[in-house]
Amino acid sequence: MDVQVPTLLPEIIFHILLLLPVHSLFRCKSVCKDWYKLITNDTFVKAHLAKKNKCLFYKKKDVLHTCSVNELLLHNPMSKTSINYPLIVDDFARLVGSANGLLCIVQLQGISIYNPTTRICNRVYGGFVTPVRHYQVAYGFGYESHTDDYKVVAVCKTNNKVKVYSLKTGIWKKVTDFPDANLLQDGLFLDGSIYWLDYLPNNLPNIVSFDLLKETYSQVTHPPYDEGEKRLDLGVLEDRLCILSSYAEKALTNIWVVDGNDSWTNSLFIMYPQDHDGWARFCQTYCISNYGKILLRFGYRICIYDLNNSSLTFVNDIDDCQWVCRFDESLVSPIGPGLRYRLRSWKVKSRMGDGSSIAV
């Protein structure tokens, strides 16, 4: 006798699938055509992205890793996935930033926009070419919501020419509204704009921003820092722009957070670890949890600062890292007319607490 299986309403299936991680959703696409259409639909992709499953992506000893931020903040030690990444072909490759689960990696031979969760990559060529070297260009990468486009901003340090690449159109465009600037690092993306520190001779660096929709430049006022020699770094804390002001002589870092009135609040200060070498400093923030724990970077190491007891704990598995970037696990694909493909030659190992492994 045939057994009839009751059919779930599409709305229920939609909400059930939203609970799954991306690697499980990739398997679910093979269940049937209806599930494939649902999972690849833009509405579902954006709804899944809104869950913001935060992860870290980092490079250590020429191997790329991803790990869950929640695992770090709640459990520590973590589970992590190691990835042999075939697109890195030179020692000068660097991670520029992330937006909606897409990462921007600059290499000598081009730019890679890819999703480390789905393994879909888009290669971008053009921009500034020889004789301009990669280290003579400061980059920024972000998402523009009004046009639903991802953009790469390239600022040439030798002549201050600026080009913007649209992932949707696949075209580089010159931008004239950008002043002379000395940008030593790649930009930070937040809320439709990219921010850099413009280092001035014998003075505090300007905080400059570039609006990805208008493609115009502006400046941001500084917070009222304490006196003394300091090093500044940009970051994001609770989805707001922040500045880490580090004082080597005092062995502490002040974190200033911008509020809605374009003014700054001194959110907290963190003392350096006692065994610091005098060169390292707190230079990046990644996440703050509901339990008062902040994930941030000290030199080449990742640490967790607990606001409740002012304790600092280093994550042993994430040290001596050349890159570290936070991204949201997503189904977003690197759209556009560039060279796009899915990497199939990865060897992926997931190291859990019990030593188990999974295939991706």
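Student: Where is the place of Thr-117?
Tutor: Thr-117 is in the loop between strand S6 (110-115) and strand S7 (120-124). Keep in mind that this is a predicted model.

Student: Why does Thr-117 count as buried?
Tutor: Buried means under 20% relative accessible area. Thr-117 has 17% relative accessibility, so Thr-117 counts as buried.

Student: What does Thr-117 touch?
Tutor: Leaving aside residues up to four places away in sequence, Thr-117 touches Val-22, Phe-327, Glu-329 and Ser-330. The C-alpha atoms of Thr-117 and Leu-331 are separated by 7.7 Å, although these residues are 214 residues apart along the chain.

Student: What makes Asp-239 exposed?
Tutor: Exposed means over 50%. At 53% relative accessibility, Asp-239 therefore counts as exposed. The loop that holds Asp-239 is between strand S16 (231-237) and strand S17 (240-247).

Student: What is the phi of Asn-100, and what is the phi of Asp-239?
Tutor: Phi is near 55 degrees in Asn-100, a positive value in a residue other than glycine. Asp-239 also has a positive phi, near 60 degrees, and is a residue other than glycine. As background, most residues other than glycine have a negative phi.

Student: Which residues make the contact of H1 with H4?
Tutor: H1 contributes Phe-14, Leu-17 and Leu-18, and H4 contributes Thr-43, Phe-44, Ala-47 and His-48. Five residues of this contact are nonpolar, two are polar and no residue is charged.

Student: How do you know that Arg-297 is buried?
Tutor: The relative accessible area of Arg-297 is 10%. The cut-off for buried is under 20%, so Arg-297 is buried. Its contacts, not counting residues up to four places away in sequence, include Phe-282, Tyr-286, Ile-302 and Trp-323. Arg-297 is in strand S21 (residues 293-298).

Student: What is the order of the sheet that holds S21?
Tutor: The order is S20-S21-S22-S23, an open sheet of four strands with antiparallel pairing.

Student: Why do S20 and S23 stand at the edges?
Tutor: Strand S20 (282-288) and strand S23 (311-314) each have a single partner strand, so one side of each is left without a neighbour in the sheet. Neighbouring strands of this sheet are turned by 30 degrees against each other on average, direction ignored.

Student: How many bridges join S21 to S22?
Tutor: Six bridges join S21 to strand S22 (residues 301-306), and the two run antiparallel. Two strands pair if there are at least two bridges between them, so S21 and S22 pair. Within S22, Cys-303 is the bridge partner of Leu-296.

Notes: Residues numbered from 1 in each chain as written. Predicted model: local features only at pLDDT ≥ 70, side-chain atom pairs only at ≥ 80, totals over all residues. Heavy atoms only, no water. Buried < 20%, exposed > 50% of the residue type's maximum accessible area, 1.4 Å probe, protein only. Contact = heavy atoms within 4.5 Å. Axes fitted to C-alpha atoms, helices over the stretch in contact; angles between N-to-C directions. Nonpolar A, V, L, I, M, F, W, Y, C, P; charged D, E, K, R; others polar.
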